[in-house]
Amino acid sequence: MAQSITDLKVGRVVKIGDEPYVITSNSFMRTAQRKPVMRTKLRNVKTGKALDKTFVSGENFDIVHIEKTNSQYLYKDTESVYFMDSQTFEQFSITLALIGDQINYLKEGQDTVVTTFEGSPIGLELPPKVALEIIDTPPGVKGDTATGGTKPATLETGFTVQVPLFLNIGEKIRVNTETGEYVERA
């Protein structure tokens, strides 16, 4: 079905050929006397293979319907991440390669939304910000705050983020899930 290229948003799934691809990034461009284009980076839902594609205004493409289920994150091992469906209480797994950096924002027991395509999980929908506790960071020294510097802090998920010098072990902070940066104290 014919769609507008402005419908190509991050997280949407489009069908190219017979394969479904999720949009991981997009960039809209309009130049003088040319048709507008949307440059996208795509990841194959089934194989994980990356693809760069430019869609021209007026080009036909299909946006695929994906289902969303509320699930609880249980644990991870070396290859997979395990979840439990909140409705049916069935456990299922998603490969670490498919989730990517999103694993850095998940705590055991946390509720999250899992997206599925034709019955198989393809990814997660995380909130824009998550609150995580600092478990390791060097102590701030008096007088260091004059420059407004930062220091590394390891969070309860094992993820390391740069935080202001005044933060200490045991404090909760909010982290942006899209950029991986410190936002504020929680």
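Predicted model: local features only at pLDDT ≥ 70, side-chain atom pairs only at ≥ 80, totals over all residues.
Student: What surrounds Asp 85 instead?

Tutor: Leaving aside neighbours within four places in sequence, Asp 85 is in contact (heavy atoms within 4.5 Å) with Thr 69, Asn 70, Ser 71, Glu 90 and Phe 92. The side chain of Asp 85 also reaches the backbone nitrogen of Gln 87 at 2.7 Å. Asp 85 itself is found in strand S7, residues 80–85; strands (E, at least two residues) and helices (H or I, at least four) are DSSP runs numbered from the N terminus.

Student: Why is Lys 49 called exposed?

Tutor: Buried means under 20% relative accessible area, exposed over 50%, and partly exposed in between, with a 1.4 Å probe and protein chains only. Lys 49 has a relative accessible area of 60%, so the word exposed applies. Lys 49 lies in the loop between strand S3 (37–44) and strand S4 (50–56), and, not counting residues up to four places away in sequence, Lys 49 touches Tyr 21, Leu 42, Arg 43 and Asn 44.

Student: How do you know that Lys 53 and Glu 59 form a salt bridge?

Tutor: The N to O distance between their side chains is 3.3 Å, and the cut-off is 4 Å, so the pair qualifies. Lys 53 has 24% relative accessibility and therefore counts as partly exposed, and Glu 59, at 25%, is therefore partly exposed too.

Student: What makes Glu 125 and Lys 68 a link between distant parts of the chain?

Tutor: Their side chains meet in a salt bridge at 2.9 Å, N to O. Glu 125 sits in strand S10 (residues 120–125) and Lys 68 in strand S6 (residues 67–76), 57 residues apart. At 33% relative accessibility Glu 125 counts as partly exposed, whereas Lys 68, at 51%, counts as exposed.

Student: Which parts of the chain does the pair Glu 184 and Arg 174 tie together?

Tutor: Glu 184 forms a salt bridge with Arg 174, the closest N and O atoms being 3.1 Å apart. Glu 184 lies in strand S15 (residues 182–185) and Arg 174 in strand S14 (residues 172–176), so the pair joins parts that are 10 residues apart in sequence. Glu 184 is partly exposed because its relative accessibility is 34%, and Arg 174 is likewise partly exposed, with 31%.

Student: How many salt bridges does a search of the whole structure find?

Tutor: It finds 4. For the chain overall, there are 1 helix and 15 strands, and buried residues make up 33% of the 186 residues.

Conventions:
Residues numbered from 1 in each chain as written. Heavy atoms only, no water. Polar contact = N/O pair within 3.5 Å; in protein donor to acceptor, adjacent residues only side chain to side chain.
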